[in-house]
Amino acid sequence: MGFEKFLFFLFAIITLFSAGMVVTRRNPVHAALYLVLTFVATAALWLLIEAEFLGIVLVLVYVGAVMVLFLFVVMMLDIDVAAMRAQFIRYLPLGLLIVGLMMFNMILVLGPGHFGLEHFAKPAAAALDYSNTEVLGRELYTTYLYQFEIAAVILLVAIVAAIRLTLRRRPETKYLDPSAQVRVRKGPDRLRIVKMPTEPVPAPVSQAAAGGKNGDDQ
Amino acid sequence: MPFETAFLATVLPELILLATACAVLVLDLYLNDEQRGWNHNLAILGLAATLGTVGLLSNNGVTIAFSGSFIRDPFGDLLKGIILILTIFTFVYSRDYMRERGLWVGEYHVLVLFATLGMLIMVSAHSFLTLYLGLELLALCLYPLVAFDRDSKPGAEAAMKYFVLGALGSGMLLYGISMLYGATGSFGFADVAEVVNAEGLENKILVFGLVFVLIGVAFKFGAVPFHMWLPDVYQGAPMPVVLFLASAPKIAAFAMATRILIDSLGALQADWGEILMILAILSIGLGNVVAIAQTNIKRMLAYSTISHVGFIFLGLLAGTQEGYAAAMFYTVVYALMAAGAFGVLAMISINGLEVEQLDDLKGLNDRDAWLAAMLALMMFSMAGVPPAVGFFAKLLVLDAVVSVGLTWLAVVAVVFSIIGAFYYLRVIKLLYFDKAADSTPLRLAGDAKIAITVNGLAVLLLGIFPASLLGICNAAFSG
């Protein structure tokens, strides 16, 4: 119990610290990396409440896929850090005031006086052979089948919406259309045969060039 | 209870709508610009088929499917039917507007159809998880619809605001739901209701969850003080999208409020009633007063929406069967009026004119007398002038509030409605007594004219014979 509590506080402090750094870092790449640290520490907290599968998924999906993608985007964008900084300082006092008020309220309401262990007993630990991966999979495809299918529709909508909002035909970009390239035939597309009478050539030097022009590609 | 094939028959309307949306998505690939009308026809056909299936499956019983995730009851059937009819109206009204602006593409139909699917899912949700997923499906369709005109800066700004504030609202709702789950150990409305009946306010987590869920509901309705997104979104979005946004999703939001507050947290009515009272007074007051100062008609109607949301909350906070039925009646009627009013605005925004300012409505009577009459009818109805149905809806809500002893609240609501009547009547003055800058007659599509006539007659006839709709509303809450 004692060591578990120590781990909780350790990861909670790491989470809070790195979340604060995400907001305050000047360099967006650093902020993104601190966000990765926040996710990892949160995943550790989830492991502590016996949600092993979700903890691993958080690391795999968010840290492994989403954040790496996000880092690429951040590195490719040209962000004006100075302008963001000016806005930040301007709104800092107001933000601090709101955060202070919210903290005060939350400590009043959520403190141990109302939500302590004497009000809500700790749930019993799961059995050793309990696998929440298996239970999650079973529930997801039986009890929560309807919700699972709705989630699939939501993903489809996300694709349609993203394409609608961002896909544009841009005439200034030069690109190759592979299907058009493949379909090109030698006949009228690539090669044109022109019948013309032979011309008297004044100088013998250019005779080779004129002969090549009359095409032998039949 | 695992999956049974019989469940598929229960969700047949949703399946048909999903199939229609996917069919339009694929069909659009094979159409050129002149053939886009097929998207429109297929979408309307699918909606009509869905409507027919809802009617066929409808009976007085209650069917629960998918392990308590889905419920089909008379309440849901009525709201689904109205949502589908309003969506058909949306398509008919918006065709010429969208075609003229080059927005008449398959994605418009697909997104509106998916949004409708989300609303149907919300209406027949029987667990918090289903409700939340339906809400997200609706919201994720509405964000891109607001920014549908990609080259419009106000559209992009409105969509951004809507997205950020909508995500905040969803976050609040989700946080509340997680608290309720923590307190009750279940997502199902019936199971949550059981625990709430047994424990009531003794359970601190329940109170905490209730407050956040209420904030989420108020956000989605656009009640004061969570109304900031509404005027900006209405102003920035294309007119047909505002038409859609102002009508059908209000019905889905009402279903969400009913399912959460009455079906699962009914035992806490005294507590959420007090919170709703504050929201209702603020909404009616601020909505009606600020609307007077607006010169942009879309913003004016946005503030009008806020004040109507206050009236819907009045009916809910009464906490009686009569009050719930009145709130339902009000919601349905409001959605019809909003569809009609924005429908007229979308229909007259043709030939390069974009109706934005109140002055753009000047002398509409000289240009098209029938449309002006319909818009005037909607304005009379919103102001609450008999015999239009808006009067009757307000009367029912006020009656419910008075009968639970909150006479002062009814007086406040009436005073602000009278203040609000000014800006509705100003529109009528502009329509009939001012001269238009350009008085060439409008040339409008026949089906849109038929739709607006049906819409207007519904508002008028329901006002004269309200008993039929009221009977269904009462029956929905008598169980």
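Visitor: Which residues of helix H8 of chain B are buried?
Guide: In H8 (residues 189-199) of chain B, they are Phe189(B), Val192(B), Ala193(B), Val195(B) and Val196(B). Those residues span an arc of only 165 degrees around the axis, which puts them on the same side of H8(B). The arc is taken from the directions from the helix axis to the C-beta atoms. Buried means under 20% relative accessible area, exposed over 50%, and partly exposed in between (1.4 Å probe, protein chains only). This is a predicted model, where local features need pLDDT of at least 70, side-chain atom pairs count only at pLDDT 80 or more, and totals for chains, interfaces and linings use all residues. Residues are numbered from 1 along each chain as its sequence is written, chains are lettered from A, and side-chain values use heavy atoms, without hydrogens and water.

Visitor: And which residues are exposed on the other side of H8(B)?
Guide: There you find Glu194(B), Asn197(B) and Ala198(B).

Visitor: What covers the buried ones in H8(B)?
Guide: The cover includes H6 (128-146), H7 (153-184), H9 (204-221) and H11 (239-264) of chain B. Helices are DSSP runs (H or I, at least four residues) and strands likewise (E, at least two), numbered from the N terminus.

Visitor: What follows H8(B)?
Guide: Gly200(B), with a positive phi near 60 degrees.

Visitor: Switching over, how many helices and strands does chain A have?
Guide: Chain A has ten helices and zero strands.

Visitor: How much of chain A is buried?
Guide: Of its 218 residues, 16% count as buried.

Key:
Contact means heavy atoms within 4.5 Å.
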